Amino acid sequence: MSGFGLARLLKLREGQAEAAKQRWAMAQRASLEASAAVETARARLDAGCATLAASVKGRHENGRIGWIFGAHQTMDSLEAASAARQRELSRAREIAEERRREMDEATRNVKALSLLEDRWKRERAARRRRADARIQDEFIARRASRPSGGDQNHAGPDRAGTNTSETRRQAHTR
């Protein structure tokens with residue numbers, strides 16, 4: 001895979017990881033809001049229980065029994081609301097955990113691609129170094145195989161029959 005294609009894929013995966021992170025943050029916020037709603041419902045239920053307990057201690061005269069039955073109905077509705085909020089909290093926590101797993105997976109994908117890109121770059125640099133070393137060895141071998149009749153006739157590596165830039169280009173494409 002070319003470095004350009006890998007870089008584009010890495011950028012795409014980084015964007016996906018960022019989106020997963022944002023979804024996780026929103027799910028966490030929803031979980032915190034649901035937790036606050038549970039606490040509010042629990043406080044209302046506790047307040048209702050305290051009010052009911054205080055009213056039961058009093059006498060059941062003068063229509064107080066009707067008020068107590070109404071208080072019991074209110075308590076039942078507060079308990080149902082508290083249970084509903086608790087279910088919402090459980091669901092919000094499940095969603096937050098699912099989003100966290102998605103975010104972790106996206107982060108692992110980005111890290112794996114980043115490591116792959118780094119390895120690809122190191123291998124490419126090593127190939128270039130080997131190609132340069134091969135070119136230098138060829139040049140040294142050509143210089144060594146020439147007669148040592150003097151350097152007056154030496155016209156440089158480009159006129160020795162092989163174009164060095166072409167040799168480098170061919171070595172880099174191998």
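Helices (H or I, at least four residues) and strands (E, at least two) are DSSP runs, numbered from the N terminus. On that basis the protein chain has three helices and zero strands. Along the sequence the pattern reads α-α-α. This is a predicted model: local features need pLDDT of at least 70, side-chain atom pairs count only at pLDDT 80 or more, and totals for chains, interfaces and linings use all residues. Residues are numbered from 1 along each chain as its sequence is written, and side-chain values use heavy atoms, with hydrogens and water left out.

**The chain overall**

- Buried residues (under 20% relative accessible area; exposed is over 50%, partly exposed in between; 1.4 Å probe, protein chains only) make up 20% of the 174 residues.
- The protein chain exposes about 12,800 Å², by the Shrake-Rupley method with a 1.4 Å probe, where for residues only the protein chains shown count as cover.
- Contact means heavy atoms within 4.5 Å. Among contacts between residues at least 6 apart in sequence, 80% join residues at least 24 apart.

- Ser 82 lies in helix H2, which covers residues 64-145.
- Ser 82 counts as buried because its relative accessibility is 13%.
- Leaving aside neighbours within four places in sequence, Ser 82 is in contact with Ala 41, Arg 42 and Leu 45.
- Glu 117 also lies in helix H2. Its relative accessible area is 11%, so Glu 117 is buried.
- Glu 117 touches Leu 6, Ala 7 and Leu 10, not counting residues up to four places away in sequence.

**Salt bridges**

- Side chains of opposite charge can pair when their charged atoms come close.
- A salt bridge is a side-chain nitrogen of Lys or Arg within 4 Å of a carboxyl oxygen of Asp or Glu. The count by this rule is 11 salt bridges.
- Arg 42, one of the contacts of Ser 82, forms a salt bridge with Glu 39 at 3.0 Å, N to O.
- Arg 42 and Glu 39 are three residues apart in helix H1 (residues 3-57), so about one helical turn separates them.
- Arg 42 is partly exposed at 35% relative accessibility, and Glu 39 is partly exposed at 45%.
- In helix H2, Arg 85 and Glu 88 are three residues apart, about one helical turn. Their side chains meet in a salt bridge at 3.5 Å, N to O.
- Arg 85 is partly exposed, with a relative accessible area of 33%. Glu 88 is partly exposed too, at 41%.
- Glu 97 forms a salt bridge with Arg 101, with the closest N and O atoms 3.7 Å apart.
- Both Glu 97 and Arg 101 lie in helix H2, four residues apart, or about one turn of the helix.
- Glu 97 is partly exposed at 31% relative accessibility, and Arg 101 is partly exposed at 45%.
- Salt bridges that share partners also join Arg 23, Glu 98, Arg 99 and Glu 102 into one network.

- Lys and Arg count as positive and Asp and Glu as negative; His and the chain ends are not counted.
- Patches are made of residues with over 30% relative accessible area and no salt bridge, with like charges joined within 9 Å and nonpolar side chains (Val, Leu, Ile, Met, Phe, Trp, Tyr) within 5 Å.
- The place of a charge is taken as NZ of Lys, CZ of Arg, CG of Asp or CD of Glu.
- Arg 124, Arg 127, Arg 128, Arg 129, Arg 130 and Arg 134 gather in a patch of positive charge.
- Arg 128 has its place in helix H2. With a relative accessible area of 40%, Arg 128 is partly exposed.
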